[in-house]
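Q: Please take a close look at the helix packing in this model, then follow it into the surrounding loops. Give the cut-offs of each term as you go.

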Amino acid sequence: MDEQFRYTRRDFLRRSGCTAASVAAIATGLDRLGLVNVLAAPTDYRALVCVFMSGGNDSNNMIIPLDAGYAPYQAVRQPAGLAIAQAALEPTAVLPPSLAVRFGFHPSLGPAAVGAQSLHGLFAAGRVAVVANVGPLVEPLNRTQYQGSGRKPYQLFSHSDQVTQWQTAYSSTRGQTGWGGRIADEVVSLNGGNGFPVVTSIAGTQVFNVGAQTRALGVGTGALNQVLVLNGFNTSAEATARRNSFDYLRTLDRTFNLVATSEDMTSQAINIGAALSQDPAITTVFPNDGLGNQLRQVAKIIKLNLESPALGLNRQIFFVSIGGFDTHTGELVGQQNLLRDLCDAMAAFYNATVELGVSDRVTTFTLSDFGRTLSPSGSAGDVGTDHGWGSHHFVMGGAVRGGNFYGVAGPNGSIFPTLQLGGPNDTDNRGRWIPTAAVDQYGATLASWFGVAPGDLSTVFPNIGRFTTNNLGFML
Amino acid sequence: MWVSGALRALLLGAGVAVLATPSEAAIRYYTVSPCRLVDTRDAALGGPTPLSGGTPRTFTVGGRCGTSPTASGLILNITVTQPNAAGFLTVYPGGTAVPATSNVNFRSGVTRANSAMARVGAGGALSVVAGMPAGTTVHVIIDVSGYFDDTVNNQPPFVALGSAKSLQLPGILRAGTLAINGSVTDDGKPAGGAVVSWQTLSGPSIVTFSPANSASTTATFPAAGTYVLRLSAWDGALGGYADVTVVASPSADAWRLVEQSTWGANLVYATVAQNAGAGAYVDWQIAQTPTGYPTYTPFPTDRPSTCSGACDRDNYSLYHPQRIFFNNALYGNDQLRQRVAFALHKIIPLTTQQPSQLAPYLNIFRNNAFGDFRAVLREMSLNVAMGVYLDMITSTRTRPNENYAREILQLFSVGTDLLNPDGTKQFDGNGVPAPSYTQAEVDGFTKVFTGWTFPAQVTGGTGTLVPNYASPMRQRTPESTYHDNGTKLLLGGQTLAGGGTTVVDLDAALNNIFAHPNVGPFIGKQLIQQLVTSNPSPAYVARITSVFNNDGTGRRGNLGAVVKAILLDTEARGGDPVDLDSGHLKEPVLYVLNILRAFEARSFDGATTSDSYLNPQIQNMGQDLFRPPTVFSYFPADFEVPGHIGLAGPEFGLLSATTALRRANFVNTIVFNGIQPNTGANPNAPLGTSLTLAPLYPLAGDPARLVDEVCMRLLHGSASSQMRTSMITAVNAVPVSNPRLRVQQAIYLAATSSQFQVQR
């Protein structure tokens with residue numbers, strides 16, 4: 001069999017949400033790619049990289065209280081065999097100043113080998129922060145309000161709906177644009193109008209990338225000068241005539257919306273393919289797996305932009321994803337492997353940003369459908385968890401105030417949930433945490449660093465005004 | 001030609017020489033309506049200058065005024081007028097010496113006439129000279145009232161119909177007309193012109209002609225197919241004829257019906273749809289013998305290290321069922337069943353790495369595609385592959401797993417939002433969509449689905465005992481340990497009483513789900529989207545919902561009736577839709593199969609059928625067959641067309657810049673190169689795939705006909721005139737000495753076009 005396939009039951013979600021754009025704007029913009037339009041290499045470059053953990057990551061097993069805080073965790077998870085032993089967490093222990101108690105990262109987040117880069121190592125070096133108990137909210141909510149008449153996000157615990165809410169930052173109705181795309185709408189003018197999109201997705205079309213005006217580019221992995229190549233045309237008279245007709249047909253029948261959209265996609269691909277003329281070399285070694293290859297592609301595109309004045313993008317947003325986190329069963333082994341892949345790929349990406357000299361200009365952050373129930377599910381021996389809500393996430397980069405945990409204090413007075421079934425942070429009795437920090441606040445913090453003006457934050461995050469702060473403080 | 005003795009006597013009596021040749025030729029006198037041959041006062045009749053004395057003038061009269069071109073003598077009335085001197089007029093055959101005769105004599109200034117019988121010279125020429133002093137003038141007028149002609153050498157009428165013709169019928173079961181201008185040329189022998197008639201020599205039905213007895217007529221073709229028509233002419237003695245082939249193509253709507261109901265239209269299917277009608281066509285498809293998947297010997301879930309190489313490929317990858325899928329799609333006759341089964345697979349997806357688990361799951365759709373949706377739900381709920389995929393097989397009273405309970409509601413039956421029968425959402429007082437269930441109902445169904453396990457074991461492919469995946473899951477015993485026997489909250493506020501057994505609770509829960517009013521619009525609308533259009537009108541959805549609710553005989557959930565109603569609905573039928581939001585983007589598997597079926601895909605060398613190893617092609621475009629990335633299928637059912645908020649476009653979920661070019665690059669490969677076989681022991685692609693292009697070579701000399709044929713096969717004949725013209729220009733850039741390249745040129749352009757990528 002010539003394919004390498006890795007079978008997991010619920011692989012990464014590939015929701016799609018391509019962006020709106022005026023093709024005319026792209027076309028005229030990209031016309032200028034062909035002109036001698038020597039812009040300086042970007043001097044104020046910033047990039048956001050979204051790593052989507054598809055399926056709903058059980059962050060209860062990713063960031064675990066130690067010492068006195070370990071016993072409640074152990075009480076719920078140990079009987080079913082889902083607890084990670086405290087001794088195994090010592091090598092990846094951290095002490096965030098904001099909480100002044102120790103936590104252990106999942107062992108897979110430590111170095112894969114002696115001396116290797118890791119998320120734990122980067123946390124210790126102040127390059128990684130944890131944002132605790134984030135999730136979609138319509139408004140701040142405590143357990144009483146949740147069980148009463150407080151306004152809740154629609155279709156909680158449903159994959160597709162929660163993914164949409166994480167990516168759109170709309171929780172009372174279904175959003176049609178993503179906050180990545182809406183940030184792109186705000187900053188596109190910083191890119192000199194050359195037409196190469198702000199947002200590039202290496203993980204398919206997702207609503208995160210959909211803006212009201214901007215359209216994302218979707219490319220796969222592989223040599224960058226080969227990802228968007230149209231085959232089959234040479235300089236012969238027949239091929240030239242065929243190419244002329246091929247291009248002309250895309251201008252016809254455009255009153256039919258589906259036809260026009262299909263034509264636009266082909267046109268965009270051809271135009272941008274012309275701009276991707278090299279395959280930059282990255283020295284940093286990435287793991288040769290899904291996320292590793294996606295992040296390596298992001299590094300190459302960043303490098304291409306830095307070295308191509310004609311592209312001259314000052315602001316870029318990237319979207320990658322890693323799937324398989326929907327661990328209803330087999331969680332111990334499943335998550336162990338997934339977090340290993342996540343750690344190795346993200347650490348390599350950080351090293352690549354150092355190699356490119358932009359480590360303080362690139363910020364990488366994770367999202368996921370939801371956290372998972374503190375209480376296990378399924379039969380012993382193949383134990384897992386069910387869908388939850390609030391979860392913990394990583395932010396990585398030289399501009400991050402790393403080495404600390406951030407969030408919003410909840411009903412228990414802490415940014416970190418009380419690990420108790422039926423406790424103050426629980427929706428009911430299975431340990432599904434009501435988020436204390438909203439996706440809006442998480443995203444707005446990133447957007448502010450990225451250059452969205454304070455007055456424009458409510459355009460990108462229309463619901464931000466319902467929350468106490470629009471900045472969680474984890475960026476420099 | 002004989003002349004009867006009586007006529008001969010008559011002619012002889014009239015002083016007419018009757019030629020008596022050994023072949024018994026005869027002369028006959030023919031009348032014509034009195035007609036003016038010459039009038040030197042009239043520029044149109046040989047004038048306007050008068051004859052000049054002594055100067056002959058020659059007129060071409062042969063064959064004019066209805067006289068035969070081979071007439072030996074003309075009966076003339078010769079009139080002179082306005083002579084300005086006395087004289088005489090001599091009429092004689094053109095091209096001969098002037099005889100010393102006269103036909104009419106006159107004085108100056110008078111008008112005189114005389115009859116004459118004149119022979120016509122070579123070329124139908126008649127000469128006239130005035131015997132008058134030079135410089136004087138006279139006008140002459142010559143009228144003809146009859147002629148003599150021999151009846152020998154009668155030529156049969158000459159009939160011509162031109163080259164082969166074609167038309168496209170205007171609608172399913174509707175006849176089409178074509179103006180045909182034949183020509184019949186007759187020498188007028190033996191008696192006047194020829195009588196004309198039309199016939200249908202061959203064809204699917206009898207063609208009618210109006211008028212029936214004219215060479216120029218309008219022919220009406222009732223059915224699609226190839227006709228041979230004959231135009232015959234009979235001159236009384238001899239007959240002539242010509243034949244013409246007319247191809248009556250199925251209507252655009254017939255092709256569209258086939259496109260909506262198969263993996264790719266071809267002329268055979270389109271002809272059935274055209275000539276039998278939409279209802280009979282669907283019935284014919286429903287009646288076809290189903291294709292499907294074999295029963296695979298089960299293998300253990302964890303691959304033993306001894307099962308490597310081909311064993312691994314054949315039992316721990318989906319290589320084999322993927323090839324079977326493509327083989328059935330390319331060559332099977334149960335096309336509609338296959339389309340519906342695949343649609344159901346997309347609505348109720350799973351993936352597994354074992355063919356022995358996949359095949360029974362796929363066969364549920366094959367078996368029930370035109371059957372009972374309730375049966376689909378039940379068989380799916382107890383299917384081993386589904387139990388493994390969504391964890392029902394490990395869900396117990398003490399360790400319940402809600403995965404299957406949530407997904408059966410969200411994806412397989414009712415969906416998250418309460419729907420009206422027309423598929424639109426119901427909203428609560430705050431403008432928020434009303435949910436069809438909450439976590440409480442998910443908890444209830446989770447309890448229902450507890451206590452199932454693997455079926456009995458059989459000897460598997462490695463000699464060890466393995467569950468027989470083809471059998472349904474069975475109750476895990478003792479039931480009191482594994483099945484939750486408490487009360488369970490179901491949909492619509494129904495509470496299932498406690499104490500039920502595993503099976504009783506299952507069926508009660510499935511009944512509850514199946515009866516929910518959401519199921520009709522939720523499933524019905526998705527079937528419309530898969531087959532016809534991504535954005536059906538609410539009225540269309542409502543019509544289908546009512547068929548789902550009651551097929552006319554009181555049955556609910558009759559998928560055969562639902563599918564037939566979808567295809568026969570006025571919104572699906574009637575030719576190219578004018579709605580600007582119409583149609584749906586072809587997902588990779590449909591896109592690839594459309595092209596392959598349109599051009600009769602065969603093996604790389606053309607000698608036999610394709611090896612159907614085609615999954616790599618669609619995998620490249622983002623669709624890995626039977627390996628959807630999540631339970632939300634290859635693409636989400638509610639994905640919207642980029643840039644058009646509120647406009648559904650599920651298949652656009654797989655269209656990015658990368659996959660857009662992969663589509664074009666696939667066309668480049670299959671059209672210009674083919675897919676080569678690979679070699680070695682147990683090759684994945686033993687035969688490869690190529691298109692059959694040779695039948696189109698004869699059209700390559702006429703680019704317009706070639707483009708029309710390609711556009712008929714791929715676009716139901718609905719390419720715009722600009723598209724057609726552009727394609728013709730591109731074909732013309734290829735030398736006519738290279739018909740294969742001309743054919744490839746045309747196919748590449750049509751197959752890469754967005755007009756083809758969007759099914760409308």
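A: A crossing of two helices is called left-handed when the near helix is turned anticlockwise from the far one by less than a right angle, and right-handed when it is turned clockwise. The model is predicted, and local features need pLDDT of at least 70, side-chain atom pairs count only at pLDDT 80 or more, while totals for chains, interfaces and linings use all residues. Residues are numbered from 1 along each chain as its sequence is written, chains are lettered from A and ligands numbered from 1 in the order in which they are written, and side-chain values use heavy atoms, with hydrogens and water left out.

Two packed helices are described by the angle between their axes and the distance between the axes. Helices are DSSP runs of H or I with at least four residues, strands are runs of E with at least two, and numbering starts at the N terminus. Axes are lines fitted to C-alpha atoms, for helices over the stretch in contact, and angles between N-to-C directions run from 0 to 180 degrees.

The axis of α9(B) and that of helix α14 (residues 502-515) of chain B come within 10 Å and cross at roughly 140°. Angles under 35 degrees count as roughly parallel, over 145 as roughly antiparallel, 65 to 115 as roughly perpendicular, and the rest as oblique. α9(B) and α14(B) are therefore oblique to each other. Their crossing is right-handed. From α9(B) the contact (heavy atoms within 4.5 Å) is made by F373(B), R374(B), L377(B), R378(B) and S381(B), and from α14(B) by V503(B), L506(B), D507(B), L510(B), N511(B), I513(B) and F514(B). These residues divide into 7 nonpolar, 2 polar and 3 charged. Here Ala, Val, Leu, Ile, Met, Phe, Trp, Tyr, Cys and Pro count as nonpolar, Asp, Glu, Lys and Arg as charged, and the others, Gly among them, as polar.

α9(B) also packs on helix α8 (residues 355-368) of chain B, where the axes come within 10 Å and cross at roughly 165°. That makes α8(B) roughly antiparallel to α9(B). The crossing of α8(B) and α9(B) is right-handed. Here A375(B), V376(B), E379(B) and M380(B) of α9(B) meet Y361(B), I364(B), F365(B) and N368(B) of α8(B). In this contact there are 6 nonpolar residues, 1 polar and 1 charged.

A further helix pair in chain B is α2 (residues 252-261) with α7 (residues 335-347), whose axes come within 8 Å and cross at roughly 50°. α2(B) and α7(B) are therefore oblique to each other. E259(B), Q260(B) and S261(B) of α2(B) touch Q335(B), L336(B) and R339(B) of α7(B). The residues of that contact are 1 nonpolar, 3 polar and 2 charged.

Now the loops. S395(B) sits between α10 (384-389) and α11 (403-410) of chain B. S395(B) is buried, with a relative accessible area of 1%; buried means under 20%, exposed over 50%, and partly exposed in between, with a 1.4 Å probe and protein chains only. Leaving out residues up to four places away in sequence, S395(B) touches P400(B), N401(B), T446(B), F449(B), T450(B), G451(B) and W452(B). The side chain of S395(B) reaches the backbone nitrogen of N401(B) at 2.9 Å. This is a polar contact: a pair of N or O atoms within 3.5 Å, where within protein one must be able to donate a hydrogen and the other to accept it, and residues adjacent in sequence count only if both atoms are side-chain atoms.

The loop between α18 and α19 of chain B holds D611(B), which counts as buried at 4% relative accessibility. A polar atom of the D611(B) side chain lies 3.0 Å from the backbone nitrogen of L687(B). Not counting residues up to four places away in sequence, D611(B) touches R323(B), A685(B), P686(B), L687(B), G688(B) and T689(B). S612(B) lies in the loop between α18 (588-598) and α19 (615-620) and is buried, with a relative accessible area of 1%. Although not a glycine, S612(B) has a positive phi of about 60°.
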